[in-house]
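Hi,

Here is the structure I promised to pass on to you. Have it open while you read, and my notes on what turned up in it follow below.

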Amino acid sequence: MLVTIGVIGPAESVEKIQYVAEEFPHAKCIPFIYEKVSELPDLIEQGRPIVDQWLFSGMMNHMYALQHELVSEEQSNYPYLHGSSFFVKLLEIQEKEGRMIHSVSIDYITDEEMEKVVSFYNFDHLRFSTIPSSFNGDSKQIASLHEKMYKEGKTEVAITALNDVFDRLQAVNIPVYRLTPSYIAIKLALELLIEKAQSKHYENLQMAVLGCQVLNAHENIEQSIFEWKHQDLLVKKDLLTLTQKLNGSFVENADGLYSIYTTKGEIDEDIEASLLNMIETFKLNQQLDVGFTIGYGQTVLEAEQHVRHGLNQLQADEEPYILIVKTKKDITQKIHSDYANQLNTTEMRATLQVRFQLTDSNARDVLRLAFHCQRYNRQAFTADDVAQWFSQTKRNARRILLELQQAGVIEIHERTQTTQRGRPSNVYRFSDKELLFGKEE
């Protein structure tokens, strides 16, 4: 499978990472270049629909993204500086200085990390003075601390991870060296992200069973069998629509008990949030207490057992909730407030409209198309694919693709003959890999 990695950082750092990434034929690295860290939110938001994992150029921008909840630790990484990167730089310093260095000041590496390095490799002759992490991000203060330690005779050279600090120290004739990720550190970071993405991909292929139970079905049946039949049809209509969205299979198990079989990758936060809305709608309009449970498993049998375990615990409640069962001991209850931070694509849609003069409907189609290509690891797509993904007729799918092609968003990649008779089918792809997030400056 092809893994898409968003490489984010200053131009020089991104270029080095992309050079190393050429060794990974199954990874597609897309550059996200910025001049100021404050540009990170917009860049990440633009690339989110098509990026599997994020590789940051350093600890500072990665920490910024985590603190502002732009990415999670599970979907991001950066090349470490305290491993091979540090030792390569130390060797370079010894060679350039032409003497043995006994004391250095260093930023962006903690005391704990340095103590481990010194004790593990028996560098007892070296004294390291680290800059407190509370100063991280303030290049002026960091440069001042390096300069102060050097002038007081505590250090012989300074090592910095920040280009601004490097320039400041050079300007006052302090011997300073720039600490950048080594080839090995970048390679290890890429390997880890690729493994994470592949693991996520196979996890998405895991079986999922969505169980729906009308909790007050027997009461309604006893009151009026005909009224219940009408209600039952309304429930099944909505569940069939949901089944179509999930590319699943619908089964009616008994009166008021239904199952939808699909895969884990089809169920995202939008689907989970829509289940809560369905519970509220049924209660308000049909006076039905409906409950939902999602069971995951490596096999169909395991997923079925988990969903049954969850259904047995459902109870009517004033606040809608759903149960997600991964194992019998790993059960999560989710309510509306858990989905407050769902992805907002309004700004992205507006950007597409301005850049390609798209209608609101067409911009939404582009985002949906990019999302499904990323979800199914597809680089090209046909009208049949779009018809299935968008739950449209093939005729409507062709119309959508034609409009996007005329706008310059997609292009014909090739033509394929699926039957002996008839015209060849067009196979499309995005006309520009940087379509949704701007071009490299």
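Thr-130 sits in strand β6, which covers residues 127–130. Before going on, a word on where this comes from: the model is predicted, so local features need pLDDT of at least 70 and side-chain atom pairs count only at pLDDT 80 or more, while totals for chains, interfaces and linings use all residues. Residues are numbered from 1 along each chain as its sequence is written, and side-chain values use heavy atoms, with hydrogens and water left out.

Back to Thr-130: is this residue buried or exposed? With a relative accessible area of 15%, Thr-130 is buried (buried is under 20%, exposed is over 50%, and partly exposed is in between, using a 1.4 Å probe and protein chains only). If you skip the neighbours within four places in sequence, Thr-130 is in contact with Ile-106, Ile-109, Thr-110, Asp-111 and Met-114; contact means heavy atoms within 4.5 Å. Take a look at Ser-105 too: Thr-130 and Ser-105 are 25 residues apart in sequence, yet 5.7 Å apart in space, C-alpha to C-alpha.

Now the whole chain. You will find 16 helices and 16 strands in it; these are DSSP runs numbered from the N terminus, with helices being H or I of at least four residues and strands E of at least two. The protein chain has 441 residues, and 44% of them count as buried. Among contacts with a separation of 6 or more, 59% are between residues 24 or more positions apart. The accessible surface comes to about 23600 Å², and carbon and sulfur atoms hold 48% of that (areas are from the Shrake-Rupley method with a 1.4 Å probe, and for residues only the protein chains shown count as cover).

Next, the charged pairs. Side chains of opposite charge can pair when their charged atoms come close. How many salt bridges does the structure hold? There are 16, where a salt bridge is a side-chain nitrogen of Lys or Arg within 4 Å of a carboxyl oxygen of Asp or Glu.

- Glu-92 and Lys-96 form a salt bridge at 3.2 Å, N to O. Both are in helix α4 (residues 84–97), four residues apart, or about one turn of the helix. Glu-92 is partly exposed at 24%, and Lys-96 is exposed at 59%. Lys-89 joins in as well, linked with Glu-92 and Lys-96 in a network of salt bridges.
- Lys-236 and Glu-252 also meet in a salt bridge, at 3.2 Å, N to O. Lys-236 is in helix α10 (residues 225–245) and Glu-252 in strand β10 (residues 249–254), so the pair ties together parts that are 16 residues apart in sequence. Lys-236 is buried, at 18%, while Glu-252 is partly exposed, at 38%.
- Glu-152 and Lys-154 make a salt bridge at 3.3 Å, N to O. Glu-152 is partly exposed at 41%, and so is Lys-154 at 47%.

Last stop, the surface. Which residues make the nonpolar surface patch of about 290 Å²? They are Tyr-183, Ile-184 and Leu-188. Patches are built from residues with over 30% relative accessible area and no salt bridge, joining like charges within 9 Å and nonpolar side chains (Val, Leu, Ile, Met, Phe, Trp, Tyr) within 5 Å. Ile-184 belongs to helix α8, residues 183–204, and is partly exposed, with a relative accessible area of 47%.

Cheers
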